[in-house]
Amino acid sequence: MPLLSDLDARILGDWQRDLPLVAEPFREIATALGVAEEVLLARLAHLRATGTMARVGATCRPNTVGASSLAAMAVPEWRVEEVAQIVGAEPGVNHSYLRENDWNLWFVVTAPDLAERDAIVARIEAASGLRVLMLPLVRAFNIDLGFALEGPRHALSLDRPADLSVLSAGDRALLQALTDGLDLVSRPYAALAARLGLQEAEVIARIGTLIEARIITRLGVIVRHRALGWRSNAMVAWNLPEERIAAAGKALVRHPGVTLCYERARRPEWDYPLFCMIHARARSEAFEVLEGAAALPELAGATKQVLFSIRCFKQTGAMLAGRPTAAVAAE
């Protein structure tokens, strides 16, 4: 884990959400931190350059302005590097991890529409000669990966459905720009507005509307957890009858240490539709959280698959409006 100054730790820990929607958001953050705006901007640039921060920007709710899915491949050990390169070469793949399971290469594919998403998957299958197992999102219990980097574990809050009625024609370009990241300048919304041919106030107001509608799930500092020492991370998938999934998902969200929770499509090859994530610095810590989760009454009798991440091949913003800028490898 990199050595962080107290200021860096506060930036990364306290500003993962609620980026101020004002003309000079970094000045407002700097005032809260007790430093000059120039100092804050320099630290943000440093954190981005050293890989502990991906960007200052937004995360967007899946399948609102684009089409996405979690996907998995069962890759022979001797082909992992080759196939991971094939997967990562697709701009629409924004996360790619090697995990401990026969289905060992997991990735997220996002595209402007279903046709392009499926075309990406078809290219990966053709190039690798291997099948891609698609597990699209069914229901989100919590999809906000912002959590405290220090101190005790806290329970999450339940997500609420997105209001898609607020979407307008220009939102795709705006959301893509926010997903790629804001410029680290004094007036980032003005810079964004200039690129989109809009007014600064219009951009700020539109972002607020999209946050309120839960289409933007988080606006702030997007950290790279593995780079910060959170390397014992487990994706846990649970097998439960359909009628028990809602109660189990809500219970997992309330369990301290669970960092994401959602339901995905059930498949004959993967009959584990309820997913949660546990981010931890040590495997023992992850297992402690897992043992508590497994003991919840709502998960009584559930079988599970525990997939610790071994390696991160790719981590970048999603492709919502065409091919984005070059992807950034996490490791």
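Me: How do you know whether the radius of gyration of the protein chain agrees with that of a compact globule?

Reply: This is a predicted model, and its radius of gyration is taken over C-alpha atoms. For 331 residues the globule rule gives a value near 20 Å, and the protein chain has 20 Å, so the two agree. The C-alpha atoms fill a box of roughly 50 × 45 × 40 Å along the principal axes. Ten helices and eleven strands make up the secondary structure, and 51% of the residues are buried. Of the contacts with a separation of 6 or more, 77% are between residues 24 or more positions apart.

Me: Why is S68 called buried?

Reply: Buried means under 20% relative accessible area. S68 has 9%, so the label buried applies. The residue belongs to strand β2 (residues 67–73). Leaving out residues up to four places away in sequence, S68 touches P62, N63, V109, T110, R117 and P136.

Me: What makes the pair of W106 and F275 edge-to-face?

Reply: A pair of aromatic rings is described by the distance of the centres and the angle of the planes. Six aromatic pairs are counted in this model. For W106 and F275 the centres are 6.5 Å apart, and pairing requires centres within 6.5 Å. Their planes stand at 65°, and over 60 degrees counts as edge-to-face, so that is the label for this pair. The pair links distant parts of the chain, with W106 in strand β4 (residues 105–111) and F275 in strand β10 (residues 274–278), 169 residues apart.

Me: How do you know whether W106 and F275 are buried or exposed?

Reply: The cut-off for buried is under 20%. W106 has 2% relative accessibility and therefore counts as buried. F275 has 0%, so F275 counts as buried too.

Me: Why is the pair of F147 and W230 called edge-to-face?

Reply: The planes of F147 and W230 are at 75°, over the 60 degrees required, and the centres are 5.0 Å apart, within the 6.5 Å limit. This pair also links distant parts of the chain, 83 residues apart. F147 is in the loop between β6 (137–142) and α6 (171–180), and W230 is in the loop between β7 (216–223) and β8 (234–239).

Me: What makes F147 and W230 buried?

Reply: F147 has 11% relative accessibility, under the 20% cut-off, and so counts as buried. W230 has a relative accessible area of 4%, so W230 is buried by that rule.

Note on methods:
Residues are numbered from 1 along each chain as its sequence is written. This is a predicted model: local features need pLDDT of at least 70, side-chain atom pairs count only at pLDDT 80 or more; totals for chains, interfaces and linings use all residues. Side-chain values use heavy atoms; hydrogens and water are left out. Helices (H or I, at least four residues) and strands (E, at least two) are DSSP runs, numbered from the N terminus. The radius of gyration is taken over C-alpha atoms; the globule rule is 2.2 Å times the number of residues to the power 0.38. Buried means under 20% relative accessible area, exposed over 50%, partly exposed in between (1.4 Å probe, protein chains only). Contact means heavy atoms within 4.5 Å. Rings of Phe, Tyr and Trp (its six-membered ring) pair if their centres lie within 6.5 Å; planes under 30 degrees apart count as stacked, over 60 as edge-to-face and the rest as tilted.
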